Every structure is written in C-alpha cells, then in structure tokens.
Amino acid sequence: MRIILDVDAYEMLGNNVVFSRKWAERKAQEFMISPTIARTHATKLINDVKEAINNLNAFVADNPCFGKGITTSHDSRRCLCWLDDEGELHEDKEAYEFI
C-alpha cells in the first residue's frame, strides 16, 4: 500500500508542523454540492413529497384496514396508492371503500 501525503495539508506554527485548517476546509468543499436555483427547487419539491407521504400515512394510521397510505408495489398491505418499480404512482380507488 502506497500512502502519499499532501504537503499542503500541513503548515508551520512556530516550530511545530500542524494540520492546516485552510487545507481541510478546501478539501471539505470538494465533497459539498453547492446550492443552485435548480437544486434548491428540487429540495423543496422533495420536501413537499415527504410531507404529502407523511400526511397520507398519518391519515390511515388509525385505520386497521390499511397498512400504509402510500407504499411500494412490493408491499402486499392495503394502501391508497403505491409506486411501481418505474416510479409511477398508482391509485387504488377500491381502497376508498375502507375509509
């Protein structure tokens, strides 16, 4: 195994060699996704979906006829709607009978 040290990762502080905070901050930035208008919009849309899912699941939570309000195609419990493997949403209109 070969280890390569980045010289910029260290700096002199008096007579000591110390880890560079500036280097660590630059390195951390390499792994951060900077915000853009589109990314901010995508985050809002995802949060809206999360809220809607939580609300739908909470709506049927006390109803013993339902497993979830929304689930996946791999869940055999009754639900109001489900997502298939392609991400398509399907509404189970017959399930309304149990509300």
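Me: Before the patch, how is a patch defined here?
Reply: Patches are made of residues with over 30% relative accessible area and no salt bridge, with like charges joined within 9 Å and nonpolar side chains (Val, Leu, Ile, Met, Phe, Trp, Tyr) within 5 Å. A salt bridge means a side-chain nitrogen of Lys or Arg within 4 Å of a carboxyl oxygen of Asp or Glu. Areas are Shrake-Rupley values with a 1.4 Å probe, and for residues only the protein chains shown count as cover.

Me: And what kind of model is it?
Reply: It's a predicted model, where local features need pLDDT of at least 70, side-chain atom pairs count only at pLDDT 80 or more, and totals for chains, interfaces and linings use all residues. Residues are numbered from 1 along each chain as its sequence is written, and side-chain values use heavy atoms, leaving out hydrogens and water.

Me: OK, which residues make the nonpolar surface patch?
Reply: Met-1, Ile-3, Leu-5, Tyr-10, Met-12, Val-17 and Phe-19, covering about 900 Å².

Me: Is Leu-5 buried or exposed?
Reply: Exposed, at 60% relative accessible area (buried is under 20%, exposed over 50%, partly exposed in between, with a 1.4 Å probe and protein chains only).

Me: Switching to rings: how many aromatic pairs are there?
Reply: Two in the whole structure. Tyr-10 and Phe-19 are edge-to-face, 6.3 Å centre to centre with 75° between the planes. Phe-19 and Trp-23 are edge-to-face too, at 5.5 Å and 80°. Pairing needs centres within 6.5 Å; planes under 30 degrees apart are stacked, over 60 edge-to-face, the rest tilted.

Me: Is Trp-23 buried or exposed?
Reply: Buried, at 16% relative accessibility, whereas Phe-19 is partly exposed at 47%.

Key: Rings of Phe, Tyr and Trp (its six-membered ring) pair if their centres lie within 6.5 Å; planes under 30 degrees apart count as stacked, over 60 as edge-to-face and the rest as tilted.
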